[in-house]
Amino acid sequence: MLSVKTFAVINQKGGVGKTTTVANLGAAIAARGHDICLVDLDPQAHLTLHLGIEPGQPPLSTYDVLLSDASFAAATMLVAPHLSVAPAVIDLAAAEIELVTTVGREQILRDKMAAHLPYEFAMIDCPPSLGLLTLNALAAADEVFIPLQPHFLALQGLGKLLETVSLVQRRINPRLRVAGVLLCMYETATRLAAEVVADLRAFFDAARGTHVPWANARIFEHYIRRNVKLAECPSYGKTIFDYEPASNGAQDYTMLAEEFLAVVGAAGGPAPAPLEASAAPVVEPNPPQADAPAEAETPSPATGQAGTPGQA
Ligand SMILES: Nc1ncnc2c1ncn2[C@@H]1O[C@H](COP(=O)(O)OP(=O)(O)O)[C@@H](O)[C@H]1O
Ligand SMILES: [Mg+2]
């Protein structure tokens, strides 16, 4: 068990809002006085750039954490009050190959992050693949956070993603849970988005009371609308709160941070309680969690059972 409540932000699809979410949700959480470390595990180093750091400038990066005896703490830097980052470099792309003969190579990040770290939360920005870097994030994490763009093909990859989470949970990280799905670049007016959300909800509801890691997963009530300011701010090396604090993007990530802290962010706390019913536009409250586990059969969303995201 790591001392820091750790979230892996994953989706093997690129361009769904992972990095935007880690940067801006992280900043919103820090702004509320919670110490948080954002971990850039993507060789593209977009998170690093988003936070105004030139990849390669800091003396150490997540590459050094994985490939040398550098500690995790040594690779972190404070970028704003309560907000730290462990930056990435392009070299990280080679890590998968360089580690190929290393025993326990999926668990290096977890071992390094097991040291005492002065944060309440850590949030790991993953590359758009389910390779070794993402496996390291899943091994180090308590919870999986899945940004998703609700369009026609959005649910296709979710089966494969959940299959990977399930595998990691069974083989290397028994405590791993899926916190939930965050809808990014949401087009409020489209019927399609509502249909995707309905499919998603039906899938998660079917898992309540089972032993799968997503048995308590939620669809976050606060979604992130498409907002051009969110797309602009990375090129200025600023979070949305420094770039355009009055934008819809800043508002959406602020609301999400409140929800995050209330329902999944309670450090070391029990499993999230069901949300109260509300007039929120997207999501209905999650049903209470059943105590009695159902048959231990792990649903396998990637294998094409009817009604699973893999089929959407
Ligand atoms: N809510 C949003 N509205 C508009 N553009 C967004 C939004 N979220 C992300 N973007 C932009 O979409 C692109 C992909 O987002 P990003 O967070 O980098 O995705 P990922 O990390 O999953 O690849 C980026 O150019 C980003 O600035
Ligand atoms: Mg990214």
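How many helices and how many strands does the protein chain have? The protein chain has eleven helices and eight strands. Helices (H or I, at least four residues) and strands (E, at least two) are DSSP runs, numbered from the N terminus. This is a predicted model, in which local features need pLDDT of at least 70 and side-chain atom pairs count only at pLDDT 80 or more, while totals for chains, interfaces and linings use all residues. Residues are numbered from 1 along each chain as its sequence is written, chains are lettered from A and ligands numbered from 1 in the order in which they are written, and side-chain values use heavy atoms, with hydrogens and water left out.

Take the whole chain to begin with. Of its 312 residues, 52% are buried. Buried means under 20% relative accessible area, exposed means over 50%, and partly exposed lies in between (1.4 Å probe, protein chains only). Contact means heavy atoms within 4.5 Å. Among contacts between residues at least 6 apart in sequence, 78% join residues at least 24 apart.

Now the sheet. It is open, has eight strands and mixed pairing, and runs in the order β3-β4-β2-β5-β1-β6-β7-β8. The edge strands are β3 and β8 (218-219), each pairing on one side only. Two strands pair if DSSP finds at least two bridges between them.

Strand β3 (residues 77-80) pairs with β4 in the antiparallel sense, over three bridges. Here L78 has S84 of β4 as its bridge partner. The two strands form a hairpin with two residues between them. H82 lies in the loop between β3 and β4. Its phi is near 70°, a positive value in a residue other than glycine. With a relative accessible area of 32%, H82 is partly exposed.

Strand β4 (residues 83-86) comes next in the order. In a regular strand the side chains alternate between the two faces of the sheet. Which residues of β4 are on one side and which on the other? L83 and V85 are on one side, S84 and A86 are on the other, and all are buried. Strand β2 (residues 36-40) runs parallel to β4 and is joined to it by four bridges. V39 has A86 of β4 as its bridge partner.

Strand β7 (residues 177-183) pairs with β8 in the parallel sense over two bridges. V181 stands opposite I219 in β8. Helix α1 (residues 18-31) packs on the sheet and touches β1 (5-9), β2, β4, β5 (121-125), β6 (143-148) and β7. The direction of α1 makes about 165° with that of β5. Helix α11 also packs on the sheet, touching β1, β5, β6, β7 and β8. The direction of α11 makes about 120° with that of β5. Axes are lines fitted to C-alpha atoms, for helices over the stretch in contact, and angles run from 0 to 180 degrees between N-to-C directions.

Look along α11 (residues 248-263) itself. The expected span of a helix is 1.5 Å times one less than its number of residues. For the 16 residues of α11 that gives 22 Å, and its end C-alpha atoms are 22 Å apart, which agrees. Its buried residues include G249, Y253, L256 and F260.

Two other helices pack together. Helix α6 (residues 132-140) and helix α7 (residues 158-171) pack at about 55°, with their axes 10 Å apart. They are therefore oblique to each other. Angles under 35 degrees count as roughly parallel, over 145 as roughly antiparallel, 65 to 115 as roughly perpendicular and the rest as oblique. L135, L138 and A139 in α6 meet T164, V165 and V168 in α7. T164 is buried, at 11% relative accessibility. Leaving aside neighbours within four places in sequence, T164 is in contact with L130, L135 and L138. The C-alpha atoms of T164 and L130 are separated by 7.6 Å, though the residues are 34 apart along the chain.

Two single residues remain. H50 is found in helix α2 (residues 46-50). H50 counts as buried, at 1% relative accessibility. Not counting residues up to four places away in sequence, H50 touches A23, N24, C233, P234, G237, K238 and T239. M185 lies in the loop between β7 and α8 (191-206). M185 is not a glycine, yet has a positive phi of about 50°. At 25% relative accessibility, M185 counts as partly exposed.
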